[in-house]
Amino acid sequence: MLEADSQRLRLSSGAFVLRGFALPYVSQLLPAISVIEGISPFRHMVTPGGATMSVALTNCGTLGWTTDRRGYQYVSVDPATGDRWPAMPPVFAQLANEAATMAGFDDFEPDACLVNRYRPGARLSLHQDKNERDYEAPVVSVSLGMNATFLFGGHERSNPAAKVLLYHGDVMVWGGADRLRYHGIRPLKDEPHMLLGSERINFTFRKAG
Ligand code: MD3
Ligand code: FE
């Protein structure tokens, strides 16, 4: 689906911001998130270093990203419930596939969707996503709710990071040479969103297995 109100911004050879690309899907995404959190609730996980994350997370799809004292890993069972993660709603997979196509990555079939929930003050420090089995597939991310300042770093943590404002409905696609860039989210300001209030929801689609 090609939307008139979406705009493609290229940050680098394989990194794209699709402004407003998710807006036509929002009315389907929000109830789907309610279903997901009804099965696998948002929770604050602990990093291998022992810090509790300020971002709360859950997952849908065959595989879900987790962290605990032992490390980061993708698992098929939610450690909080002992059951499989909720299925990936078809509208999620469709949105991810269409966004990837817009950025030149055809046939993207994610098996994992990490759902992050930010409240005011929550942040994600600079990191790389490298727990996936191969880096050929892109990562697609969707932002809903409050605005956030995204940090677009380099290939080393010490490289300077550019700031990109992300708005409700924006989608980002990361692949190719940019797949392993450092990235993060600055602490969220409390500027409530008309639909989601003082929350930001981000989901990232990956081919993890
Ligand atoms: C660049 N999430 O869950 S989305 C994450 O807004 C994560 O919650 C942020 O970083 C968030 O790992 C940023 C944008 C994003 C996601 C994955 C990437 C950028 C990426 C993977 C590789 C490079
Ligand atoms: Fe990340």
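The questions below set values against the definitions behind them.

This is a predicted model, in which local features need pLDDT of at least 70, side-chain atom pairs count only at pLDDT 80 or more, and totals for chains, interfaces and linings use all residues. Residues are numbered from 1 along each chain, ligands from 1 in the order in which they are written, and side-chain values use heavy atoms, with hydrogens and water left out.

Q: What makes L124 a lining residue of the largest pocket?
A: A pocket is an open set of points on a 1 Å grid over the protein atoms alone where a 1.4 Å probe fits, with protein on both sides within 12 Å along at least five of seven lines, and lining residues have an atom within 4 Å of a point. L124 is one of the 39 residues that line the largest pocket, so it has such an atom. L124, S125, H127, Q128 and D129 are the closest to the pocket's centre.

Q: What does the volume of the largest pocket stand for?
A: The value is about 880 Å³. A volume is the space filled by probe spheres set on the grid points, so that is the space meant here. The second largest pocket has about 150 Å³.

Q: How do you know that ligand 1 sits in the largest pocket?
A: A molecule sits in a pocket if more than half of its atoms lie within 2 Å of the grid points. Ligand 1 is placed in the largest pocket, so it passes that test.

Q: Why is the pair between H127 and ligand 1 called a polar contact?
A: A polar contact is a pair of N or O atoms within 3.5 Å. A polar side-chain atom of H127 lies 3.2 Å from an oxygen atom of ligand 1, so the pair qualifies. D129 also has a polar side-chain atom 3.2 Å from a ligand 1 oxygen, and an N or O atom in the side chain of N202 is 3.2 Å from one.

Note on methods
A polar contact is a pair of N or O atoms within 3.5 Å; within protein, one must be able to donate a hydrogen and the other to accept it, and residues adjacent in sequence count only if both atoms are side-chain atoms.
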